[in-house]
Amino acid sequence: MRDIQHYMRSGTLQLSALPPLSLYVHLPWCLKKCPYCDFNSHEVAGGTAALPEQRYIDALMADLESSLPLIWGRSVHSIFIGGGTPSLFSPQAIDDLLGGIRARLRLSPDCEVTLEANPGTFEKNRFRAFRSAGVTRLSVGVQSFDDAHLKVLGRVHDRAQAIAAVEEAAQSFDTFNLDIMYALPGQTLQNLEQDMQQALALQPPHISIYHLTIEPNTYFAKFPPVIPEEDLAYAMLDKITEMTGAAGLGRYEVSAYAKPGHSCFHNLNYWQFGDYLGIGAGAHSKLSFAHRVVRQVRYREPKLYMDKALVRDAVTLETEVSRADLPFEFMLNALRLRDGFKLQDFTDKTGLPLTAVQKGLEEAERKGLIERDFVRVRPTERGFDFLNDLQSLFL
Ligand SMILES: C[S@@+](CC[C@H](N)C(=O)[O-])C[C@H]1O[C@@H](n2cnc3c(N)ncnc32)[C@H](O)[C@@H]1O
Ligand code: SF4
């Protein structure tokens with residue numbers, strides 16, 4: 001990592017203040033690789049007993065310490081422990097991890113701490129122990145409640161385990177999330193409706209619902225399953241919006257639905273173009289300085305990451321976001337939000353004048369894709385439905 005003077009030198013952007021800062025921690029192991037998944041996740045050879053928990057946490061702490069000069073004096077407003085399958089780590093290891101973070105960083109008093117959990121790693125009292133370690137929000141990767149679909153998706157858990165895990169999450173946490181996917185191989189509208197009924201019966205305060213995408217370099221890309229046609233997928237999305245709405249969950253972002261007061265601060269900060277430091281294998285960071293916005297990527301392969309982080313050399317790639325790319329990067333995120341963004345936020349977070357997006361905003365308004373006043377810009381219903389078209393106006 002470069003000397004701090006390098007980041008502080010003058011440049012053409014003028015950021016008047018720095019945005020809220022979040023911390024992302026990547027734990028890269030899973031019991032088994034799912035055929036649709038292109039996340040940086042690796043099967044843990046030899047089972048959970050073989051997880052190098054202590055060495056990985058040592059590497060994370062070394063990584064964090066090397067990064068401290070870049071975030072000096074700033075408070076952290078949220079932590080997201082993602083993966084991979086972070087719930088494979090023992091509650092004691094998560095306790096050590098959060099203790100190590102607290103000893104090195106100032107956390108805001110209401111800091112949200114999310115941990116991703118897989119129902120296949122669930123055992124009695126485990127979630128409660130994560131809560132005692134300082135996790136405030138659990139995100140449970142359910143994907144579906146249908147045994148046949150769970151099987152096709154290569155999941156290590158079944159319907160009964162998913163329900164038991166969500167019930168335990170509800171007992172142990174004031175707020176939690178379910179990850180669900182739709183447009184699954186062979187899924188009918190009726191299957192989807194049953195999945196949603198089951199999900200909503202568990203009364204989650206937050207649900208993230210993703211259209212299954214066939215990602216390059218996955219098993220599904222090589223052996224494509226038959227998935228629902230576009231029309232059916234749209235009908236499914238309409239059904240999802242209708243059912244979540246009736247259950248009191250509002251769609252505040254393209255894929256995120258929450259009861260009032262339960263939206264995810266960490267994800268909101270990404271979409272609002274806030275800052276995040278990402279530590280762990282393959283983690284990404286976006287950090288602002290008075291005159292520049294910097295992105296970093298860490299080494300992806302877990303063993304290489306540990307070796308590198310322990311000698312204070314975890315970053316494999318560092319780039320400055322160019323002045324020309326900033327408007328699109330901001331819009332790519334902000335327009336995903338139902339409530340859009342404040343005009344002031346654009347200038348605060350990119351350090352650019354509003355004239356940088358004036359033409360795009362005018363065209364978007366003319367096409368009926370946004371509505372705006374002197375304070376805010378919001379995507380319209382149509383803008384939300386044709387989000388790619390809307391975002392590309394700022395390319
Ligand atoms: C990194 S995974 C974390 C949770 C945990 N590893 C699990 O799978 O239970 C985050 C979420 O992204 C979604 N996801 C992963 N691959 C996807 C794909 N190809 N298409 C759509 N959603 C996907 C899944 O809903 C998954 O729960
Ligand atoms: S458990 Fe989650 S992170 Fe792991 S392979 Fe499956 S989808 Fe990917």
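Ile81 of strand S4 (residues 75–83) stands opposite Leu115 in strand S5. In this predicted model, S4 and S5 (residues 106–117) pair in the parallel sense over six bridges; two strands count as paired if DSSP finds at least two bridges between them. Strands here are DSSP runs of E with at least two residues, helices are runs of H or I with at least four, and both are numbered from the N terminus. Residues are numbered from 1 along each chain as its sequence is written, and chains are lettered from A and ligands numbered from 1 in the order in which they are written. Local features need pLDDT of at least 70, side-chain atom pairs count only at pLDDT 80 or more, and totals for chains, interfaces and linings use all residues, while side-chain values use heavy atoms, with hydrogens and water left out.

Ile81 also stands opposite Val25, a residue of strand S1. S1 and S4 run parallel and are joined by seven bridges, and another of the facing pairs is His26 with Gly82 in S4. S1 has a further partner in strand S11 (residues 275–280), to which six bridges join it, again in parallel. Within that pairing, Tyr24 stands opposite Gly278.

How much of S1 is buried? Seven of the seven residues of S1 (residues 21–27) are buried, so this strand is largely enclosed by the rest of the structure. Buried means under 20% relative accessible area, exposed means over 50%, and partly exposed lies in between, with a 1.4 Å probe and protein chains only. The covering reaches both faces of S1: Leu21, Leu23, Val25 and Leu27 are buried on one side, and Ser22, Tyr24 and His26 are buried on the other. S4 is mostly covered, with seven of its nine residues buried.

Gly83 and Gly84 are joined by a cis peptide bond, with omega at about 20 degrees, and Gly84 is found in the loop between S4 and H3. Most peptide bonds are trans, and most residues other than glycine have a negative phi.

Gly84 also belongs to the surroundings of ligand 2, together with Cys30, Lys32, Lys33, Cys34, Tyr36, Cys37, Ser41, Thr85, Asn118 and Arg155. A residue is near a molecule if one of its heavy atoms lies within 4 Å of it. By class, this shell has four nonpolar, four polar and three charged residues. In this scheme Ala, Val, Leu, Ile, Met, Phe, Trp, Tyr, Cys and Pro count as nonpolar, Asp, Glu, Lys and Arg as charged, and the others, Gly among them, as polar.

Helix packing can be followed in two pairs. Two packed helices are described by the angle between their axes and the distance between the axes. Axes are lines fitted to C-alpha atoms, for helices over the stretch in contact, and the angles run from 0 to 180 degrees between N-to-C directions. The axes of helix H2 (residues 53–67) and helix H3 (residues 91–104) come within 10 Å and cross at roughly 15 degrees. H2 and H3 are therefore roughly parallel to each other; angles under 35 degrees count as roughly parallel, over 145 as roughly antiparallel, 65 to 115 as roughly perpendicular and the rest as oblique. Helix H7 (residues 189–201) and helix H9 (residues 230–246) pack at about 25 degrees, with their axes 10 Å apart. That angle makes H7 roughly parallel to H9.

A further sheet is open and built from three strands in the order S15-S17-S16, with antiparallel pairing. Strand S15 (341–342) and strand S16 (370–372) stand at the edges with a single partner strand each, so one side of each is left without a neighbour in the sheet. S16 and strand S17 (residues 376–379) pair over three bridges in the antiparallel sense, and Ile370 stands opposite Pro379 in S17.

Finally, two residues other than glycine show a positive phi. Phi of Gln143 is near 70 degrees, and Gln143 sits in strand S6 (residues 137–143). Asn217 has a phi of about 65 degrees and lies in the loop between strand S8 (206–211) and helix H8 (219–222). Are these residues buried or exposed? Gln143 is buried, with a relative accessible area of 8%, whereas Asn217 is exposed, with a relative accessible area of 82%.
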